[in-house]
Amino acid sequence: MKVKTNAEILEFANSIGSPLGVQVAEVEFKQGKNPELTIFIKKEGGVDLDTCELFHNAILEPIDEFDPTFGEPYRLNVSSLGIDWPFKTDEDFNSHIGQRVEVRLINSIKGKKFYDGLLMSYDKKQITLKVDAKTTFTIELKNIVKVNEYIDFE
């Protein structure tokens, strides 16, 4: 099935979400017997079911006109990023400078492959992570499996 590019769909979806205060973070198209287009959204203060419904209703008719699958049927899903969404873009990293994050590594540092701490800097090649008052690491992105917001279950 021929599908418009993720970049095209992302740009279109953001034009619908922006007036609602919703940002489209990523789009994902799964082909197969039951094709699905999933639009992942984020919003200041978080995304709840009402936000997903609001965006879904707002984009439903316009996306049919935009026709991302050139007339082929598909299911449209709208979802939040989730609490452990991995950082992928410069904006993801830069918007979390000074905040607590979780980092999973390919190769261990000081015997560990998982750290949490304050994200002190990001420069497209590496991050600086302050683990505690005495420990700060500079970690190359190529040694990182995943970085996401710190999840506090308490």
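Modeller: Helices and strands here are DSSP runs, numbered from the N terminus: a helix is H or I over at least four residues, and a strand is E over at least two. The model is predicted, so local features need pLDDT of at least 70 and side-chain atom pairs count only at pLDDT 80 or more, while totals for chains, interfaces and linings use all residues. Residues are numbered from 1 along each chain as its sequence is written, and side-chain values use heavy atoms, with hydrogens and water left out.

Thr136 lies in strand β7, residues 135–140. Its relative accessible area is 46%, so Thr136 is partly exposed (buried is under 20%, exposed over 50%, partly exposed in between, with a 1.4 Å probe and protein chains only). Apart from neighbours within four places in sequence, Thr136 is in contact with Thr128, Leu129 and Lys130, contact being heavy atoms within 4.5 Å. Thr38 is 98 residues from Thr136 in sequence and 38 Å from it in space, C-alpha to C-alpha.

Two strands pair if DSSP finds at least two bridges between them. The open sheet has 3 strands in the order β1-β2-β3, with mixed pairing. β1 (23–30) and β3 (75–80) are at the edges with a single partner strand each, so one side of each has no neighbour in the sheet.
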